[in-house]
Amino acid sequence: MMLAQQEYLDDFTWFDGTWKTLWLGEDIVFLVLKVVLVFAMLLVSVMLMVWFERKVVSDLQNRIGPNVAGPWGILQTLADGIKLFFKEDLTPDQSDRFVFKLAPYLSLIPAFLMFSIVPIGGDFTNGDGSVEIAGQTTFLQLVDPPMGILLFLAMSGLGIYGVMLAGWASGSKYPLLGAVRASAQMVSYEAALGLSLAAVFLTSGSLSTNQIVQSQTDGAFFVGGWNVFSLGFIPFVVFLIAGTAELNRPPFDLVEAEQELVGGFHTEYSSLRFSLFFLAEFMNVVTMAAIIVTLFFGGPHGPILTDTLGGVWPILWFFLKVLVFLFIFVWFRATLPRLRYDQLMDLGWKLLIPFSLGWFLILASIQVGRDEGWNLFVVVGVGIVGMGLGAALLLGAIRTARLSRSESEIVEYS
Amino acid sequence: MSLQVFTFLLAGVIVVSGAIGVVLSKNPVHAALFLIQTLFGVAVEFLVVEAHFLAAIQVIVYAGAIVILFLFVIMLLGVDRAEDMRVEPIIGQRPAAIVTGGALLGLLLAVIASSDSLTGGRSQKGALDATDQLGAPLPNVNQLAESIFTDYVFAFEVTGLLLTVAVVGAVVMARRIPGALQPLPRTALDASREAAAEAALSEAAEDAADDGVDVDSAGEV
């Protein structure tokens, strides 16, 4: 058995050494099984998420919400899906046919791939998160590549193409406007997202999601090691806001603002192609919640009850935390009014990016100070003074720019 | 054939077919899509040689930001509908492109053939060979980070400064100067367009003269 395994591995020495979990440590059949499992889990979670969102929003608005299909209307999404299947599939006359058909897949595939790096279970309290199933030692995540969380950034970058090309290929103006808005928004907020991620890399010292979760569990009392506390809340808050904007969800949903743009980039889509966009959107919501939990809330690591029930508790902890964030996303939608386009850009470029950059610099200087044995109070004091100066400069520049702009406008219109 | 070679060849086909598509497609948006295909294939090639960080950055920066900007410009200017890619705006551009492309290819091949003597560096295949204190191999990402922030920190900082200068330059160029709008500086493209318009005009005038129609009124049409 051992020998056969070895020969088999020799044939599949793809990334020898570093990328162990992908081919070397694991059976191909086992890997395929994991892929199918993640796929099915995402589909089911989307189904439940749509129902959850509609139910919670209706509760918050004093309505009943879907209540006909299945108990508490839980099969509503299934009914909607069947309806979408049987609708007529329209292709607009003015459209670029090939790109029009390609676009939904371009937003669906990155949405799937993003989830592959999220660890959904495993004992991180006493071990490195690996579990043993049927004689295989494995992580409870599809892959753990060394570039880890960068895969998430890359995939969310590629997801923009689906939206952008859908809007362009429709050959009508509202989708195009929606697409341009969407891509401008997603590109801008990716910067803030990346900067708050950098703070996480700084403390965990690795890009791999498994390592990031591990670094949050060792040493600290109770949940004190979670990045949300050890990084001082700011990166988490920035990530949450930027993530909501990246998902094009309310209050940042001016991409599909009904009053202005009909439906945004997917106005011309119907039937199955529309449902693919819908699927990708909700899949991204679930993935974003999972990524937030992984980066800032210790992933499957729980404060209590970690090693009873044979490894089921970490998985339960993980899903419980994800559920909290899913609720927060729905809560945002039910509570906050939509931002205007200039407010959106101001928030992203003038507030979130400088703020997370400044916080990152302070965290970095604390790290250096700790390594070099400097006095922590001095380091933090100097850091805060420096950041204050930077903020004053930035605010001064913005003020001057605004003044000179309004002056030139007065000259122009008088 | 090992899986590594197979993946390399597959990604190579993706890269080359994408590159051919960029050159041959008549629609600018399709060309940009083929460019993404090429960039993605190159990212896979990076993965094959275990340059994970480069692969991720390739996708994030090139596919995720730069081609998006291309598409922005194409869509907002309406180039995709107005411009006909078959017309050559500057005479002699295509032969010049072929010569330059050939020269670049030759240079690249020369560098690959004699990498030690030209670049002074040793080409590296597979994982980098540094190890941590316990003797375990370090991931490429960590080794790259160490190298950037120790040996090459000056080059890295200078690159950052260069990018800042570029941003400031872009802001200065995009700034609106108060007062009346200045005419744009003339370019070679303008000259060729004007020449073409003049040629068309004189041709029309000749035609009109042949037909015995008043030249001035023909010119106004």
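Author: Start with two helices of chain A, α4 (residues 97-114) and α11 (residues 271-296), which pack at an angle of about 25° with their axes 9 Å apart. Helices here are DSSP runs of H or I with at least four residues, strands are runs of E with at least two, and both are numbered from the N terminus. An axis is a line fitted to C-alpha atoms, for helices over the stretch in contact, and angles run from 0 to 180 degrees between N-to-C directions. This is a predicted model, where local features need pLDDT of at least 70 and side-chain atom pairs count only at pLDDT 80 or more, while totals for chains, interfaces and linings use all residues. Residues are numbered from 1 along each chain as its sequence is written, and chains are lettered from A and ligands numbered from 1 in the order in which they are written.

Why give both an angle and a distance? Two packed helices are described by the angle between their axes and the distance between the axes. For α4(A) and α11(A), the angle makes them therefore roughly parallel to each other. The cut-offs are under 35 degrees for roughly parallel, over 145 for roughly antiparallel, 65 to 115 for roughly perpendicular, and oblique for the rest. The crossing of α4(A) and α11(A) is left-handed. That label applies if the near helix is turned anticlockwise from the far one by less than a right angle; clockwise is right-handed.

Now the residues. From α4(A) come P104(A), S107(A), L108(A), A111(A), F112(A) and M114(A). They meet R273(A), L276(A), F277(A), L279(A), A280(A), M283(A), N284(A) and T287(A) of α11(A). By class, this contact of α4(A) with α11(A) has ten nonpolar, three polar and one charged residues. Contact means that two C-beta atoms, placed from the backbone, lie within 7 Å. Ala, Val, Leu, Ile, Met, Phe, Trp, Tyr, Cys and Pro count as nonpolar, Asp, Glu, Lys and Arg as charged, and the others, Gly among them, as polar.

Helix α11(A) has another partner. Its axis and that of α9 (residues 234-246) of chain A come within 11 Å and cross at roughly 170°. So α9(A) and α11(A) are roughly antiparallel to each other. Here F236(A), F239(A), L240(A) and G243(A) of α9(A) meet M288(A), I292(A) and F296(A) of α11(A). The residues of this contact divide into six nonpolar, one polar and no charged.

Next, look at the loop between α3 and α4 of chain A, where D89(A) sits. Leaving aside neighbours within four places in sequence, D89(A) is in contact with S270(A), S271(A), L272(A) and R273(A). D89(A) counts as exposed because it has 12 C-beta neighbours inside 10 Å.

Last, step back to the whole chain. Chain A has 14 helices and two strands. Of its 414 residues, 42% count as buried. The domain assignment of chain A gives domain 1 (1-86) and domain 2 (92-137 + 147-350); such bounds come from an automatic or database assignment. In chain A, 20 residues of domain 1 are in contact with 19 residues of domain 2. On the domain 1 side, α2(A) gives the most, with 13 residues.

Definitions and conventions: A residue is buried if 20 or more other C-beta atoms lie within 10 Å of its own, exposed if 12 or fewer, and partly exposed in between; C-beta atoms are placed from the backbone.
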